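Here are my notes on the model you sent. Please read them with the structure open.

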Amino acid sequence: MKPAYNLGSLCGTGVYAKVTCSCCGKVFPLPCAKKDYRFHVCDRYFCGWTCKREWERKHPKKRGNIYLDYLI
């Protein structure tokens, strides 16, 4: 699959949704439905794998508190 920034802005059913990359700030059209796009985390969309990995390095996942598991 081509990266999103290499695609045009029209598809067979109409216009692609345009989103902004959460890392670099580029505006690009999504090549598919928002839920099917592979470079996203929650409601953040990325123009490519490099931007997604850079954002993940800057925002590491927080470890859960092990003691809260015993309270449930």
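**Notes on the model**

1. I start with a pair in helix α1. Glu-54 and Lys-58 are four residues apart there, so about one helical turn separates them. The two form a salt bridge, with the closest N and O atoms 3.3 Å apart. Glu-54 is partly exposed, at 29% relative accessibility. Lys-58 counts as exposed, with a relative accessible area of 58%. Keep in mind that this is a predicted model.

2. Helix α1 carries another such pair. Glu-56 and Arg-53 both sit in this helix, three residues apart, which is about one turn. They form a salt bridge whose closest N and O atoms are 2.7 Å apart. Glu-56 is partly exposed at 27% relative accessibility. Arg-53 is also partly exposed, with a relative accessible area of 36%.

3. The structure holds three salt bridges. One of them joins Asp-36 and Lys-35, with the closest N and O atoms 3.9 Å apart. The cut-off is 4 Å. Lys-35 is exposed, at 69% relative accessibility.

4. Lys-52 deserves a look. It is found in helix α1, which covers residues 49-58. Is Lys-52 buried or exposed? Lys-52 is buried, yet it has no salt bridge. The nearest side chain of opposite charge belongs to Glu-56, 4.2 Å away. Leaving out residues up to four places away in sequence, Lys-52 touches Arg-38, Phe-39, His-40, Val-41 and Phe-46.

5. Now the aromatic rings. How many aromatic pairs are there? The count comes to five. Phe-28 and Tyr-37 form a tilted pair, 6.2 Å centre to centre, with 40 degrees between the planes. Both of these residues are buried. Phe-46 and Trp-55 are also paired: their ring centres are 5.7 Å apart and their planes are at 50 degrees, so this pair is tilted. Phe-46 is buried, with a relative accessible area of 0%. Trp-55 is buried too, at 14%.

6. Phe-28, Tyr-37, Phe-39, Tyr-45 and Trp-49 form one aromatic cluster. Phe-39 is also among the residues that Lys-52 touches.

7. On the cysteines: the structure holds zero disulfides. Cys-21 is in none, and the nearest cysteine sulfur, that of Cys-24, is 3.6 Å away. Cys-21 is buried, with a relative accessible area of 4%. Cys-32 is partly exposed, at 30%.

8. Last, the overall layout. The protein has two helices and six strands. Along the sequence they follow the pattern β-β-β-β-β-β-α-α. Of the 72 residues, 24% are buried. The accessible surface comes to about 5,900 Å², and carbon and sulfur atoms account for 54% of it. Among contacts between residues at least 6 apart in sequence, 25% join residues at least 24 apart.

Definitions and conventions: Residues are numbered from 1 along each chain as its sequence is written. This is a predicted model: local features need pLDDT of at least 70, side-chain atom pairs count only at pLDDT 80 or more; totals for chains, interfaces and linings use all residues. Side-chain values use heavy atoms; hydrogens and water are left out. Buried means under 20% relative accessible area, exposed over 50%, partly exposed in between (1.4 Å probe, protein chains only). Lys and Arg count as positive and Asp and Glu as negative; His and the chain ends are not counted. Contact means heavy atoms within 4.5 Å. Accessible areas come from the Shrake-Rupley method with a 1.4 Å probe; for residues, only the protein chains shown count as cover. A disulfide is a pair of cysteine sulfur atoms within 2.5 Å. Rings of Phe, Tyr and Trp (its six-membered ring) pair if their centres lie within 6.5 Å; planes under 30 degrees apart count as stacked, over 60 as edge-to-face and the rest as tilted.
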